[in-house]
Amino acid sequence: MSDTSVQAGMDDIESPEGLTKAIAAGAASARASGNLDPQQFVSFTVGAEEYGIDIMQVREIKGWTEVTLLPNQPPHMRGVMNLRGVIVPIYDMRARFGQGMTEATATHVVIIVQVHDKTVGILVDAVSDILTVRNDQISPIPEVEYSENARFLEGMVTMNERMVAVMSLAKLIRNDALEFTDLTADAA
Amino acid sequence: MAQFDQFKQTFFEESDELLLDSAGRASDLDPNDYDIEELHALFRAVHTIKAGAGAFKFTELAGFTHKFETLLDRLRDGTLTLDQTCADLIVRGLDIVSDYVDAAKNGIAPATDQADAALADINAVLDPDGAAAAPASQPVVKDAAKAEGGAKTYKIRFEPGRQLFQFANEPLLFIRELKTFGHLTVDVDASALPAIDQIEAEDSYLSWQFTLVTERSAADIADVFEFVVDDATIEIEEVTAGRVGDTAERPRDPLVVESATAGAHPVALPVETQKGAPARGTPGEGGEKSNVTSIRVDLDRIDRLVNMVGELVITQAMITQQARDVAGKGRSQQTQAEEELAGHTRELQDAVMAIRMQPVKSVFMRMPRLVRDLSRKLNKNVNLVMKGEQTEVDKTIIEELADPLTHMVRNSLDHGIETPEQRRAAGKPEVAEIILSAEHRHGRIVIQAMDDGRGIDRDRVRSKAIEKGLIAADSNPSDEEIDNLIFAPGFSTAAEVTDVSGRGVGMDVVRTKIQNLGGRVIVQSRPGEGTRFVLTLPLTLAVLDGMVVSVGSEEYIIPLTSIIETVRPATKDIRRIDANFDTFAMRGEHLRLIYLSRVFNVRGAITDPSKGLVVVVDTEAAGRVGIVVDELLGQQQVVLKSIDENYRSVEGVSGATILGSGRVSLILDLDGLSEMRSFAPLPVDDADDTETDTDTELNGVETDSDTDPNAAHIAAAATETFEMGAKA
């Protein structure tokens, strides 16, 4: 099933500001339609994988800038950034998914999202598309293979022969201590 | 109805304030030495709550306050003498009113048993000869001296001040009430009324002369005007029956006016009037009367103001920074302007912060009630002493203090304080003491809750901790470490969960809450002698004076108020005690050294104190310690930003700020730091270490992430476990 629609012209948008605008427009239309079905997702790449998150949670896209390291935190916690006067923590998704730290450069991208009333940033390689997906187009994750990440993945979508894993940020970032669910507990 | 709810909200807020104020007055009431003004104030408070209760149909509250007010009324006019029984009844009555108000707030039906008991006692006092029934609505005619019976004629002059309406008074209501007293003739004086184009819609220009024929006393009449006595001139004069004429020749009877400054003696008329001048201006400076000119402001608005001033401070720092970067050009002029700007900004900030400062009294005042209730429940005899209630603290902190204080006091009463029998057996005075104190120290507020109970039962705590897996069975923690176990999540030694302290959520929630505010709480205990909790909190949440220091490639802020001095110790003064403990000597004292480079795992920092700097600071928990840094970068006023808001609290860090460069810098939590342990092993020789790229390093443990992606996480897991162990 590959009639998930793609926002036209996403490839042409280079700058974070442009991306933010496109996403804001997408979110606005999602809100207008009541955001039930179909849903809109922002997809991004980390290494060879592609993931999608609910567009309604995305606030803006920023280029990677220097962060201030917080001492004694898990490695995927890169540090904090100043977002117009608000302190925002930045999580390295590559590290989070067990592929080592991102060697961040100016071309890397931080997606600012809002989860559980908190504003956080996730560091990814690039933002790819805005997808419109119907609920029936999301297939469940086969349990066996993805047991590690299955807890926060809600399903898979096939799009133009690519597979996008639909992610629940709310499950990825647990509410109580804003702690990532413990990967190491499951590590084989 | 939503509109109505808004008024209800105001009623609740006002009632809370009145009850808080009244609680203070009632607890100070000493039958042998009291000021009648206190009784008047208590009466007015209850009366006001009664009025609101009636309006919103809170029937139990209205009914109780009605009777309560009667008691207070009789006490203040002298027909009933204030003795200890009455004083205690007043305290009880206020507790009940408070309960009823709370029930009304939550929309639930209140428990009436306590109220019924109190009502019975009140009746016993009011009517000791048994005939309990009193007519519900009419207050008792009290003026015994004038109770000859028969109608009297009064001439009443009522001249309201211009501001009358702005204090929510309506003359029509007074007139109506007077009418119920008997036969009323009304003469209005509109001479002060200006032309219609000059009228201020909210001002009062009319005054009245009434002639009232009634059996009621002058005191009753004065009561009608009770609530406008500050905003108006009121003269009440009895004229002989039938003679309603010019009062000029009659000797005035000044008895009846209810004045704010009343003692038992009759007082002259309130003085605000300038004869003939229509302007009345603000109501009475009646001497003792606490006529606080204040306004109620939405806290959100103040928060906005505080935030904006905070941003102003940051911007001002940026300007200063940029000016520094523009080397040379027109420098001296800029410097002066910068200085003035900095001065004005600082003043503005102080002024704005002062708006939100409030005495801790408001939160302390909830404690006596708590102690009373719990002592009764637990059959313990406790005297609560409070000191330093006027110490001021930011309002947002005050709200957050209530729960922690409650938990600490409950903890004391439940676990610490012994029963009277136990105390007698231990040779202690039967009445236990809890002391609550607040004071300013080193730019922070320090609140202590001490009891003279049995102290922490360390054996019990230890065994419970082992049972819960918090410590190993064979471990040997120090006394201090055992004491701190009470802050562990889920900890509780109460045999069953009672609603007092047993649930075990108390102390760890206290610690978390205080830490989230940027403060800390420690406990000290001596078996058999007592326990002491010490809470420290920043005075304001928003701004602090900081010293920027560099450690490797990182910059941190040390609160200026904690800095004692900065030194560069000589090598010979530095002593290594063991792998994790260095000290240096300063004027005969040996102070512990804290290496930020180790505790925070910063690479490339100076690790030899004799080549860097030691900032000597004062901590609440560990006394004086020396923080090893690379250099001092300068003093700066910084705006505190919360890390908690979007992340969580970080050990050793009390908050963050944004420097003039736009960069985020962490503000050190000195007490927290002094309790952290360093994670990385002692570096053997850091001199060659120039590696600062944090991408391939994780918490000081180097990994080659290209070849072994798992190494990162194994290292992280190791660190995390270590962290947990250190926290326990």
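Two strands count as paired if DSSP finds at least two bridges between them. Helices (H or I, at least four residues) and strands (E, at least two) are themselves DSSP runs, numbered from the N terminus. The model is a predicted one, with local features needing pLDDT of at least 70, side-chain atom pairs counting only at pLDDT 80 or more, and totals for chains, interfaces and linings using all residues. Residues are numbered from 1 along each chain as its sequence is written, chains are lettered from A and ligands numbered from 1 in the order in which they are written, and side-chain values use heavy atoms, leaving out hydrogens and water.

Strand β2(B) runs antiparallel to β3 (residues 207-214) of chain B, and eight bridges join the two. Within this pair, Val186(B) sits opposite Phe210(B) of β3(B).

Elsewhere in chain B, helix α2 (residues 36-55) has 20 residues. At 1.5 Å times one less than its number of residues, the helix should span 28 Å, and its end C-alpha atoms lie 29 Å apart, which agrees. Its buried residues (under 20% relative accessible area, 1.4 Å probe, protein chains only) include Leu39(B), Phe43(B) and Ile49(B).

Strand β13 (residues 554-559) of chain B is mostly covered, with five of its six residues buried. Two bridges tie β13(B) to the parallel strand β22 (residues 664-668) of chain B, where Tyr556(B) has Leu666(B) as its bridge partner.

Technical notes:
Buried means under 20% relative accessible area, exposed over 50%, partly exposed in between (1.4 Å probe, protein chains only).
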